[in-house]
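Welcome! Here is a short tour for anyone opening this structure for the first time. Take a look at the sequence and the fold, then follow the notes below.

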Amino acid sequence: MNRASAIAAASLLAWVALSSSALAAPPASPNILPSESMGVSKAPPPQPINWDKVTQEATDLLSKYIQLNTTNPPGNEIEAARMLREKFLTDGIPATTWEPQHGRGIVAARLRGIGKHTKSIILLSHMDVVPANPKEWEVAPFSGAVKDGKIWGRGSIDDKGPGVIELMAMLAIKRAGILLDRDVLFVATGDEEAGGKNGAGWFVDHEANVFSDAGYLINEGGGIRALSDSKRKVYVVSVTEKTPLWLRLTASGPAGHASDPPAQTAVTRLVRALDKLSEYKTPIRVIGPVNDYYHTMTELDHGPRQLLDLAAALKDPAFLKGFLDDPGQNARVRDTITPTVLSASDKTNVISQTAYAEVDCRLLPGSDPKTVMNDIKKVIADDGIKLDVILNFPPISSPSRSPLMTAIATLAKDHDRATVVPSMIIGFTDSHYFRHKKIVSYGFIPVEVNPAEAKGVHGINERIGVKELADGIQRMVELLRIFGSR
């Protein structure tokens with residue numbers, strides 16, 4: 001039979017025979033909506049998981065996934081969404097896609113459990129990726145090459161690899177006949193790299209009924225880290241994150257020929273403003289999760305004793321300077337202001353009437369965007385420069401204690417003899433859309449990525465180890481078993 005017939009047949013069989021996860025609906029109208037009446041009452045005899053087969057399948061899937069170029073802009077995630085939907089449907093798991101705008105994509109699938117009153121958990125990822133220049137890479141960034149025990153390509157870590165870990169964990173649980181006491185909802189969106197308006201933002205606004213039973217969510221933003229002795233590990237789980245305040249600064253001035261420039265042009269005005277911003281030092285502020293993170297990591301890794309109380313330590317000018325010299329540490333204790341885009345004339349000999357810069361500000365939880373903008377205006381001290389907000393949303397955090405955090409701690413102890421460390425990430429993810437819906441959301445993918453490979457995120461030669469991918473799937477299966485135990 002052809003591929004379409006095989007998919008339809010698989011779905012029909014799943015509908016007739018209750019599986020470990022769901023009564024699968026036909027591909028044309030899969031039912032992924034929550035419904036107490038659709039819980040699973042029995043499963044086929046448990047089957048052992050063939051991890052070698054799962055690893056090979058995951059490797060092939062991620063390679064193919066990377067080959068679908070979803071660079072944002074423009075995104076074009078719909079083909080990736082359809083590929084993931086087909087993967088779920090072939091295994092009899094209800095799945096569907098949406099196309100918020102032409103070419104944009106979202107996919108969701110539901111693995112049903114037997115619980116009738118237990119909140120479901122969302123496994124969230126995004127399908128879009130940032131641009132990659134092939135001239136800078138050792139391998140073509142959209143080749144999905146499997147080389148030296150690693151899967152290479154843009155998105156292998158951010159965020160297609162984590163999506164494959166989540167998907168394959170759900171398939172492994174279903175195939176093994178494991179009954180969970182809660183539903184697991186897979187959601188992969190587009191547009192995350194541009195703020196998520198046409199991805200998670202659209203999904204939350206238009207398809208809230210799909211996740212109306214959800215109480216918990218796992219997303220990118222945390223993972224497993226080796227301590228300095230390379231023997232012990234910590235599970236870093238983000239409970240909050242910085243929020244964007246993306247601004248456009250537009251300067252105006254007289255246009256004309258570059259051979260007889262006036263004393264001030266739009267470009268020189270803008271450059272002067274950016275120079276002032278580069279010299280501006282935002283206030284130091286240590287929020288609770290950051291102070292707790294350094295305290296715990298110091299205890300575990302025998303770090304400098306001052307870090308047991310970071311807020312107090314930073315009052316020492318010498319320690320403060322050394323701490324802030326590290327860009328990552330600097331970003332954890334203050335709002336940052338980073339010019340990223342410059343534009344003016346498109347000809348060397350023409351003075352443009354306008355020049356603009358886009359500035360990426362990242363605000364700590366508790367910072368007021370209006371106050372930050374007023375501070376920037378005071379620093380620039382030029383009423384002729386206009387400030388417009390490109391992207392901003394209010395910060396929101398999840399509790400450090402919850403049943404899901406307890407499950408992660410159990411996994412950490414049982415699987416890696418590790419400790420869980422709640423934290424704040426200095427970037428932002430789509431988690432905030434769901435936190436605003438009262439869903440406990442954590443940044444944590446149970447995979448260990450070494451520092452060298454982590455530099456590939458938004459950089460060059462992004463890659464993930466096949467072993468690390470496989471270990472991530474095994475841990476995710478175990479985490480879902482713990483969290484979905486009866």
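The model is a predicted one, and a search through the whole of it turns up 23 salt bridges.

**Lys233 and its partner**

- Lys233 makes a salt bridge with Glu448, and their closest N and O atoms lie 3.8 Å apart.
- This pair ties together distant parts of the chain, 215 residues apart: Lys233 sits in strand β9 (residues 233-241), while Glu448 belongs to the loop between β17 and α14 (451-454).
- Glu448 is partly exposed too, because its relative accessibility is 25%.

**Other salt bridges**

- Arg110 and Asp213 form a salt bridge, with 3.0 Å between the closest N and O atoms.
- Here again distant parts of the chain are linked, 103 residues apart: Arg110 is in strand β2 (residues 106-111), and Asp213 is in the loop between α5 (200-206) and β7 (214-219).
- Is Arg110 buried or exposed? With a relative accessibility of 0%, Arg110 counts as buried.
- Asp213 counts as buried as well, at 17% relative accessibility.
- Arg362 pairs with Asp360 in a salt bridge whose closest N and O atoms are 2.7 Å apart.
- Arg362 has 17% relative accessibility and therefore counts as buried, and Asp360 is buried with a relative accessible area of 16%.
- Salt bridges with shared partners also join Glu57, Lys87, Asp91 and Arg175 into one network.

**Helix α11**

- Helix α11 covers residues 369-380, twelve residues in total.
- Which residues of α11 are buried? They are Val372, Met373, Ile376 and Ile380.
- Viewed down the axis of α11, these buried residues fall within an arc of 100°, so they line one face of the helix.
- The face turned away from that buried side carries the exposed residues Lys370 and Lys378.
- The cover over the buried residues of α11 includes the strands β10 (243-252), β12 (336-343), β14 (354-363) and β15 (385-392), along with helix α6 (266-279).

**Asn330**

- Asn330 has its place in helix α10 (residues 327-332).
- Its relative accessibility is 16%, so Asn330 counts as buried.
- Setting aside neighbours within four places in sequence, Asn330 is in contact with Phe323, Leu324 and Thr336.

**His436**

- Look for His436 in the loop between α13 (431-435) and β17 (440-443).
- His436 is partly exposed, because its relative accessible area is 36%.
- Which residues does His436 contact, leaving aside its neighbours within four places in sequence? Those contacts are Pro394 and Ile396.
- Pro395 is 41 residues away from His436 along the chain, and the C-alpha atoms of the two are separated by 9.2 Å.

Conventions. Residues numbered from 1 in each chain as written. Predicted model: local features only at pLDDT ≥ 70, side-chain atom pairs only at ≥ 80, totals over all residues. Heavy atoms only, no water. Helix = DSSP H or I, 4+ residues; strand = E, 2+ residues; numbered from the N terminus. Buried < 20%, exposed > 50% of the residue type's maximum accessible area, 1.4 Å probe, protein only. Contact = heavy atoms within 4.5 Å. Expected span 1.5 Å × (residues − 1). Arc of directions from axis to C-beta. Salt bridge = Lys/Arg side-chain N within 4 Å of Asp/Glu carboxyl O.
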